[in-house]
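Work through the exercises below with the sequence and the model in view. Each task is followed by a solution in steps.

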Amino acid sequence: MAQPQHSSVRNRLLKAMSPADFALLQPHLERVSTELRQSLITPHEPIQQMFFPEAGFGSITTSGSGSQVEIGIVGREGLVGAIPVLLGSDRTPHECFVQSAGEMLRIETVALCAAARESASLNRLLLRYIMVQFVQAAQTALANATYTLDVRLARWLLMCQDRLDGDDLQITHEFISIMLGVRRPSTTLAVQALEGQRLIRARRGRITILDREALTALADDSYGLPEAEFGRLIEGA
């Protein structure tokens with residue numbers, strides 16, 4: 001299989017690397033297809049492989065008392081497994097699984113860590129990405145604590161669309177409920193509210209975003225800060 005080229009990679013974190021830093025990773029990158037709900041990181045198990053999404057994205061979730069809640073999304077802007085591995089741990093209590101199927105570039109954890117030790121600039125870029133993930137998690141906590149469910153749903157749909165090509169999201173009400181940490185009837189009401197404003201169209205297993213500008217206005221300050229930080233810390237570096 002041909003090695004991915006720096007000029008053609010779709011992952012924004014890889015694209016932001018210097019040619020020299022990308023060259024350190026290039027021999028170890030393997031393109032793989034992913035399936036819906038495929039496990040990428042298993043809680044409390046050694047992280048032996050990491051993933052740079054190219055198409056589709058993964059959800060980072062935490063669980064307790066029989067509930068599962070999303071605490072982060074990793075798409076083509078990032079690296080699955082970055083926080084625990086790059087901060088010196090070989091495992092995490094959190095799960096990461098594929099929320100939207102697509103393609104990722106897989107790399108052995110030992111190879112990525114060796115490259116980060118060899119290059120100070122690569123290590124700095126990856127640590128800046130961790131900062132972006134922390135900002136995303138903090139913004140999620142803020143949204144869950146202070147915003148109504150329709151606003152939280154608007155934010156979540158925008159974040160998903162950012163990591164996809166097009167306006168269609170293959171998603172069920174039940175899955176949205178898990179990701180937002182609410183009961184399914186509440187999710188149904190929030191979806192209906194957005195549909196009533198003609199911001200989205202909901203069909204069985206699919207949501208289509210009709211008016212992104214209005215959806216962004218509804219999301220207000222709950223959306224945009226992590227995205228701005230990515231531009232400042234990664235693409236503006």
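**Exercise 1.** State the volume of the largest pocket and find the residues closest to its centre.

Step 1. The largest pocket has a volume of about 280 Å³. A pocket here is an open set of points on a 1 Å grid where a 1.4 Å probe fits, with protein on both sides within 12 Å along at least five of seven lines; lining residues have an atom within 4 Å of a point. The volume is the space filled by probe spheres set on the points.

Step 2. The lining has 20 residues, and Ile60, Ile83, Pro84, His94 and Gln133 are the closest to the centre.

Step 3. Sorted by kind, the lining residues are 13 nonpolar, six polar and one charged.

The model is predicted: local features need pLDDT of at least 70, side-chain atom pairs pLDDT 80 or more, while totals for chains, interfaces and linings use all residues. Residues are numbered from 1 along each chain, and side-chain values use heavy atoms, without hydrogens and water.

**Exercise 2.** Determine how many disulfides the structure holds.

Step 1. A disulfide is a pair of cysteine sulfur atoms within 2.5 Å; the structure holds zero.

Step 2. For Cys113, the nearest cysteine sulfur belongs to Cys96, 17 Å away. For Cys160, the nearest is also that of Cys96, at 13 Å.

**Exercise 3.** Which residues have the most contacts inside the largest nonpolar core?

Step 1. A nonpolar core joins buried (under 20% relative accessible area) Ala, Val, Leu, Ile, Met, Phe, Trp, Tyr and Cys residues through side-chain atoms within 4.5 Å.

Step 2. The largest has 40 residues, and Leu14, Met17, Leu25, Phe52, Leu79, Leu126 and Tyr129 have the most contacts inside it.

Methods
Ala, Val, Leu, Ile, Met, Phe, Trp, Tyr, Cys and Pro count as nonpolar, Asp, Glu, Lys and Arg as charged, and the others, Gly among them, as polar. Buried means under 20% relative accessible area, exposed over 50%, partly exposed in between (1.4 Å probe, protein chains only).
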